[in-house]
Amino acid sequence: MKINRYQDISEIDREAKKDYIDRHSAFVHCESNATVGEKFKVNVKVGDEYKHPDDFDHYIQWIQLWDGERFLAEASFSAGAMGNAPANLEVDFYIVPTKNMKLTAHAYCTKHGLWQSDEVVVAV
């Protein structure tokens, strides 16, 4: 399966291409340091400047959180979960770290496939 990645939209000329890349890309937001054994919040948001559709045949079906090659968590959605209106889907995951992490998120669009975030390093 092809994995799509975010590209700095300032480097892209066509507005349609900016819209396509931004609204499908997952972004990981969290602190850069965590404490062993303590709950740690990781926010994943799909889209930054542009909202993703929430139609019966075009929506974000799931978001996953990974630490390197280790699967940590997943949130699943059905069509209409965002009120059938374009939105930036957002999920908070709470994990308990035991070592340094290299976090990435995957988002799956039912029309445009799998998208992977940039890696976020967390010192534990």
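Modeller: His 24 is found in helix H1, which covers residues 15-24; helices (H or I, at least four residues) and strands (E, at least two) are DSSP runs numbered from the N terminus. This is a predicted model, in which local features need pLDDT of at least 70 and side-chain atom pairs count only at pLDDT 80 or more, whereas totals for chains, interfaces and linings use all residues. Residues are numbered from 1 along each chain as its sequence is written, and side-chain values use heavy atoms, with hydrogens and water left out.

With a relative accessible area of 0%, His 24 is buried; buried means under 20% relative accessible area, exposed over 50%, and partly exposed in between, with a 1.4 Å probe and protein chains only. The side chain of His 24 makes a polar contact of 3.2 Å with that of His 52. A polar contact is a pair of N or O atoms within 3.5 Å; within protein, one must be able to donate a hydrogen and the other to accept it, and residues adjacent in sequence count only if both atoms are side-chain atoms. Apart from neighbours within four places in sequence, His 24 is in contact (heavy atoms within 4.5 Å) with Val 46, His 52, His 58, Ala 107, Cys 109, His 112 and Trp 115.

The chain around this site has one helix and nine strands, in the sequence pattern β-α-β-β-β-β-β-β-β-β. Of its 124 residues, 43% are buried. Among contacts with a separation of 6 or more, 62% link residues 24 or more positions apart.

The largest nonpolar core has 22 residues, of which Phe 40, Val 42, Val 44, Ile 63, Phe 93 and Leu 103 touch the most other members. Such a core is a set of buried Ala, Val, Leu, Ile, Met, Phe, Trp, Tyr and Cys residues joined through side-chain atoms within 4.5 Å. Two or more residues come from each of strands E2 (26-29), E3 (40-46), E4, E5, E6 (90-95) and E7 (101-109); E7 gives the most, with five residues. Not counting residues up to four places away in sequence, Phe 93 touches Phe 40, Lys 41, Val 42, Val 44, Ile 63, Leu 65, Ala 73, Glu 74 and Ala 75.

Some of these strands form an open sheet of three, with the order E2-E3-E6 and antiparallel pairing; two strands pair if DSSP finds at least two bridges between them. E2 and E6 are the edge strands, each with a single partner, so one side of each has no neighbour in the sheet. E3 and E6 pair over six bridges in the antiparallel sense, and Phe 40 stands opposite Ile 95 in E6.

Six bridges also join the antiparallel strands E4 (residues 60-67) and E5 (residues 70-76). Gln 64 has Glu 74 of E5 as its bridge partner. Two residues lie between the strands of this hairpin, where Gly 68 takes a positive phi near 60°.

Gln 116 counts as buried at 17% relative accessibility, and a polar contact of 3.1 Å joins its side chain to that of His 106.
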